[in-house]
Amino acid sequence: MMDNIHISETSKIQAIALAEDFHKMALEYLKSQNEIYIALSGGNTPKLFFNELADFQDHIPWDKIHIFWSDERCVPPDDEDSNYRMTKRYLFDKIDIPSSNIHRILGEAEPELEEKRYSDEISQNIKFKNGWPVFDWIMLGLGEDGHIASLFPGSDVLGETKAISVVAQHPKSGQRRISLTLPVLNHAKRITYLVSGSSKAQIIRDIYSNNEDHMDVPAARVHPIAGIIDWYLDKDAAADLI
Ligand code: 6PG
C-alpha cells in the first residue's frame with residue numbers, strides 16, 4: 001500500500017528533498033518530451049515545498065511545465081481559501097513562468113459549468129492513454145480522514161468512472177470544490193504524497209498497515225495503473241511507522 005517512503009527529520013528538510021527530486025524528475029522527463037504536465041494539491045502542506053521550489057538554485061524549466069490542480073475550492077482567485085491564491089503567493093509570484101502554462105480552475109465560475117470547462121482544458125492539453133489523460137506528475141496531500149484532492153470518504157463522486165473532474169463538496173463546511181477523479185489520478189505516471197505533521201500520523205499508520213477499517217478511505221483507492229507512488233513524510237507524520 002505504501003512503497004516508496006521518504007521520511008525527513010523536519011517539514012523543511014522534507015520540502016527541500018521534494019524540491020530536489022522534482023528538479024531531477026523534470027530534467028529526466030525533458031530528455032524524452034518537450035513539455036511536462038503536472039497537477040498540484042492545495043491546502044497548507046504545499047507552502048513550504050513551493051517556497052523551496054521558488055528558491056531552488058538550479059534552473060527549473062518552468063517554461064516547459066504546465067500546471068493544473070488536483071482540486072480547487074469554488075471561490076474567487078483572491079479568496080483566502082483559493083488554492084490558486086496560495087500557489088501564486090508561495091510560488092508563481094517568485095518564479096518566471098508563462099501565464100499560458102498556468103491552467104487555473106475558475107473557482108468563481110458556476111461549479112457545474114467549470115467542471116466541464118476544466119475537463120475540456122485538460123483534454124485539449126494532455127495526451128490520453130486507455131481513454132484517460134495522463135499527467136506526468138500529480139501531487140496529493142492527505143486529509144486526516146484519508147481524503148485526497150476533494151474526494152472525501154463516502155462521497156458519491158469517489159465512484160466516478162467516466163468524468164475527468166467532478167463537483168465535490170466538503171462534508172463539514174459544505175464548500176463546493178472541483179476535483180480530479182480517481183481514474184485520472186490512477187492513470188498518472190507518478191503520484192507524490194506530501195504529508196506532514198503529527199495530526200496525520202494515525203491515517204498514515206492505518207494506510208501503511210492496510211488497516212481494514214480504513215480501506216474505504218479515498219487514499220487507499222489510489223493505485224496508479226502504470227505509475228509510481230512516492231510518499232514524502234516528515235518525522236511527525238511518520239511517527240507510527242518508525
Ligand atoms: C485542498 C487539498 C486537500 C489537502 C488535504 C490536506 O484543496 O484542501 O487539495 O486535499 O491536500 O486536505 O490539507 P493540509 O495540507 O492543509 O493538511
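How much space lies in the second largest pocket? About 200 Å³, and one of the views below shows where. This is a predicted model, so local features need pLDDT of at least 70, side-chain atom pairs count only at pLDDT 80 or more, and totals for chains, interfaces and linings use all residues. Residues are numbered from 1 along each chain as its sequence is written, and side-chain values use heavy atoms, with hydrogens and water left out.

**View 1**
Let's start with helix H1, which covers residues 11-29. Helices here are DSSP runs of H or I with at least four residues, strands are runs of E with at least two, and both are numbered from the N terminus. H1 has 19 residues and reaches 26 Å from its first C-alpha to its last, close to the 27 Å expected at 1.5 Å a residue; that expected span is 1.5 Å times one less than the number of residues. Gln14, Ala15, Leu18, Ala19, Phe22, His23, Met25, Ala26 and Tyr29 are the buried residues of H1. Buried means under 20% relative accessible area, exposed means over 50%, and partly exposed is in between, using a 1.4 Å probe and protein chains only. Lys12 also sits in H1, but counts as partly exposed because its relative accessibility is 45%.

**View 2. Lys12 and helix H2.**
Stay with Lys12 for a moment: leaving aside neighbours within four places in sequence, Lys12 is in contact with Leu48 and Glu52. Contact means heavy atoms within 4.5 Å. Helix H2 spans 46-54, and its buried residues are Pro46, Phe49, Phe50, Glu52, Leu53 and Ala54. They pack against H1, strand S2 (36-40), H3, strand S7 (137-140) and S10.

**View 3. Strand S11 between its partners.**
Strand S11 takes in residues 228-234, and six of its seven residues are buried, so the strand is largely enclosed by the rest of the structure. S11 pairs with strand S1 (residues 4-8) in the parallel sense over five bridges; two strands pair if DSSP finds at least two bridges between them. Strand S10 (residues 190-195) also runs parallel to S11, joined by six bridges. Which residue of S11 is the bridge partner of Asn4? Look for Asp230, which is the bridge partner of Thr192 as well. In a regular strand, the side chains alternate between the two faces of the sheet.

**View 4. The hairpin of S8 and S9.**
Strands S8 (residues 165-169) and S9 (residues 176-180) pair in the antiparallel sense, with five bridges. Ser165 has Leu180 of S9 as its bridge partner. Six residues lie between the two strands, and in this hairpin Gly174 takes a positive phi near 80°.

**View 5. The largest pocket.**
About 620 Å³ of space lies in the largest pocket. Pockets come from a 1 Å grid over the protein atoms alone: a cavity is a set of points where a 1.4 Å probe fits but cannot get out, a pocket is an open set with protein on both sides within 12 Å along at least five of seven lines, and lining residues have an atom within 4 Å of a point. Grid points are joined across faces, edges and corners, and a volume is the space filled by probe spheres set on the points. Of the 29 lining residues, Gly42, Gly43, Asn44, Thr45 and Arg73 lie nearest the centre. Helix H3 (83-90) gives the most to the lining, with five residues. By class, the lining has seven nonpolar, 12 polar and 10 charged residues. Here Ala, Val, Leu, Ile, Met, Phe, Trp, Tyr, Cys and Pro count as nonpolar, Asp, Glu, Lys and Arg as charged, and the others, Gly among them, as polar.

**View 6. The second largest pocket.**
Back to the pocket from the opening question: its lining is made of Gln33, Asn34, Glu35, Tyr37, Ile126, Lys127, Val134, Asp136 and Lys189. These divide into three nonpolar, two polar and four charged residues.

**View 7. His103 in its loop.**
His103 sits in the loop between H3 and helix H4 (111-125). Is His103 buried or exposed? It is buried, because its relative accessible area is 4%. Beyond its neighbours within four places in sequence, His103 is in contact with His66, Ile67, Phe68, Trp69, Tyr118, Glu121 and Asn125.
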